Amino acid sequence: MTDVRALTVTAALQDYAVRHGAWPVDTVLRDLREETAALGRPAGMQVGPDQGQLLTFLARLVGARHAVEVGTFTGYSSLCIARALPPDGRLVCCDINDEWTSIGRKAWKRAGLADRIDLRLGPGLDTLRDLPTGEHLDFVFIDADKGGYVSYWNELVPRVRPGGLLLADNVLWSGTIVDDTVDDADTQALRAFNDMAAADDRVEQVVLTAFDGLLMARKR
Ligand SMILES: C[S@@+](CC[C@H](N)C(=O)[O-])C[C@H]1O[C@@H](n2cnc3c(N)ncnc32)[C@H](O)[C@@H]1O
């Protein structure tokens with residue numbers, strides 16, 4: 001039996017970790033979390049402040065200038081990615097929901113990052129197919145409908161430059177990914193996605209057992 005480390009992430013522990021990282025949760029991010037929390041149940045889709053810091057960190061690590069996010073919601077993760085970009089950098093955001101993303105637009109403006117974010121409303125797959133086909137992307141974050149992950153991946157991998165990074169969120173799906181009694185459409189889609197990504201020799205990847213499971217893949 002493999003040893004397993006168990007770390008229960010309480011709110012206090014998460015807060016401590018975030019306070020010991022760069023890019024603290026400023027007023028704009030705090031207000032955005034509060035406004036999103038007021039939406040009720042959908043608020044659970046938002047990345048946590050610790051994962052937001054990691055997005056900023058990783059985007060800076062790869063020196064991202066051209067980035068894409070699939071699944072923007074109220075714009076927290078996009079803000080965390082956009083703040084890592086240089087002034088001439090661009091983050092293309094894909095979402096289908098005008099109401100949720102309009103909350104994000106306000107926050108991006110308050111943060112002085114609106115000029116770095118290009119929100120495209122419509123099915124993510126259509127937006128990705130319209131992107132230039134060359135290897136121009138430095139950083140990709142997939143966090144939309146789980147049934148779309150395989151298609152998003154297939155559009156994005158050829159467009160990422162060698163050494164660029166692809167991230168996919170929720171790949172452990174609250175742990176149900178390894179629960180044989182769970183077989184709903186989203187779980188099946190994530191299993192198919194994880195198997196496909198693991199077998200894709202265009203990338204080298206790790207699955208982080210943090211958050212809700214984060215796949216991180218570097219283009220070879
Ligand atoms: C998990 S949320 C994204 C959370 C966001 N990354 C954050 O941290 O705040 C998923 C988003 O995907 C969007 N979405 C669902 N289906 C989509 C599709 N076919 N194309 C683009 N976006 C889609 C939803 O409207 C929702 O805002």
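Is Glu35 buried, partly exposed or exposed, and what is its relative accessible area? Glu35 is partly exposed, because its relative accessible area is 33%, where buried means under 20%, exposed over 50% and partly exposed in between, with a 1.4 Å probe and protein chains only.

## Basis of the model

This is a predicted model, in which local features need pLDDT of at least 70 and side-chain atom pairs count only at pLDDT 80 or more, while totals for chains, interfaces and linings use all residues. Residues are numbered from 1 along each chain as its sequence is written, and side-chain values use heavy atoms, with hydrogens and water left out.

## The ligand and its surroundings

The ligand is surrounded by 19 residues, of which the closest are Gly71, Ser77, Asp95, Gly124 and Asp143; a residue is counted here if one of its heavy atoms lies within 4 Å of the ligand. Taken alone, the ligand exposes 610 Å², and the protein buries 90% of that, the areas coming from the Shrake-Rupley method with a 1.4 Å probe.

## Salt bridges between helices

Across the whole structure, a search finds 15 salt bridges, each being a side-chain nitrogen of Lys or Arg within 4 Å of a carboxyl oxygen of Asp or Glu. In one of them, the side chains of Lys106 and Glu35 meet with an N to O distance of 2.9 Å. This pair links distant parts of the chain, since Lys106 belongs to helix α5 (residues 98-110) and Glu35 to helix α2 (residues 27-37), 71 residues apart. Helices are DSSP runs of H or I with at least four residues, and strands are runs of E with at least two, numbered from the N terminus. Lys106 counts as partly exposed, at 48% relative accessibility.

Another salt bridge joins Arg129 to Glu155, with the closest N and O atoms 3.5 Å apart. Here too distant parts of the chain are linked, with Arg129 in helix α6 (residues 124-129) and Glu155 in helix α7, 26 residues apart. Arg129 is partly exposed at 49% relative accessibility, whereas Glu155 is buried, with a relative accessible area of 18%.

## A bridge from strand β6

Glu204 forms a salt bridge with Arg220, the closest N and O atoms being 3.4 Å apart. Glu204 lies in strand β6 (residues 203-208) and Arg220 in the segment after β7 (214-219), so the bridge ties together parts that are 16 residues apart in sequence. Glu204 is partly exposed, with a relative accessible area of 35%, while Arg220 counts as exposed at 52% relative accessibility.

## The buried face of helix α7

In helix α7 (residues 149-156), the buried residues are Tyr149, Tyr152, Trp153, Glu155 and Leu156. Seen down the axis of α7, these buried residues fall within an arc of 165°, so they line one face of the helix; the arc is that of the directions from the helix axis to the C-beta atoms.
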